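Here is a short briefing on one chain. Please look over the model first, then read the notes by topic.

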Amino acid sequence: MAYVDEATIQAIRKKHPIKDIIERYHIGLVKKGEDYWGNCPFHMGVLGKEDRNASMSISSRLDIFQCFSCKTAGNIFN
């Protein structure tokens, strides 16, 4: 497996913010403070039911997401 240096990873993350990627999947996001909140798209696979409350938080500052219901979390790479 090829090694990708940290500078390249950070350049990719800066060019493709997590919020922009999540919005491509037509998930309505609401800005609350510095973060965005929306319905989690991972509930169907993990919990077997659709998310009806905005339980997924997207941090623009940290460039990560986390669902506080099903505990799915990650960045643009995972």
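In β5, Ala 73 is the bridge partner of Gln 66. β4 and β5 run antiparallel and are joined by 2 bridges. The model is predicted: local features need pLDDT of at least 70, side-chain atom pairs count only at pLDDT 80 or more, and totals for chains, interfaces and linings use all residues. Residues are numbered from 1 along each chain as its sequence is written, and side-chain values use heavy atoms, with hydrogens and water left out.

**Fold and sheet**

- The chain has 3 helices and 5 strands; helices (H or I, at least four residues) and strands (E, at least two) are DSSP runs, numbered from the N terminus.
- Along the sequence, the pattern reads α-α-β-β-α-β-β-β.
- An open sheet of 5 strands is ordered β1-β2-β3-β4-β5, with antiparallel pairing; two strands pair if DSSP finds at least two bridges between them.
- β1 (30–32) and β5 (73–74) are the edge strands, each pairing on one side only.
- Along the principal axes, the C-alpha atoms fill a box of roughly 40 × 30 × 20 Å.

**Core and burial**

- Of the 78 residues in the chain, 29% are buried, meaning under 20% relative accessible area with a 1.4 Å probe, protein chains only.
- The largest nonpolar core has 11 residues, including Ile 18, Leu 29, Tyr 36, Met 56 and Cys 67; such a core is a set of buried Ala, Val, Leu, Ile, Met, Phe, Trp, Tyr and Cys residues joined through side-chain atoms within 4.5 Å.
- α2, β3 and β4 (64–67) each give two or more residues to this core.

- Ser 55 lies in the loop between α3 (43–46) and β3 (56–59).
- Ser 55 counts as buried because its relative accessibility is 11%.
- Beyond four places in sequence, Ser 55 touches Trp 37, Gly 38, Cys 40, His 43, Gln 66, Cys 67, Phe 68 and Ser 69; contact means heavy atoms within 4.5 Å.
- With neighbours within four places left aside, Cys 67 contacts Cys 40, His 43, Ser 55, Met 56 and Thr 72.

**Largest pocket**

- The largest pocket has a volume of about 210 Å³, the space filled by probe spheres set on grid points joined across faces, edges and corners.
- A pocket is an open set of points on a 1 Å grid over the protein atoms alone, where a 1.4 Å probe fits, with protein on both sides within 12 Å along at least five of seven lines; lining residues have an atom within 4 Å of a point.
- Helix α2 (residues 18–23) gives the largest share of the lining, 3 residues.

How values were computed
Buried means under 20% relative accessible area, exposed over 50%, partly exposed in between (1.4 Å probe, protein chains only).
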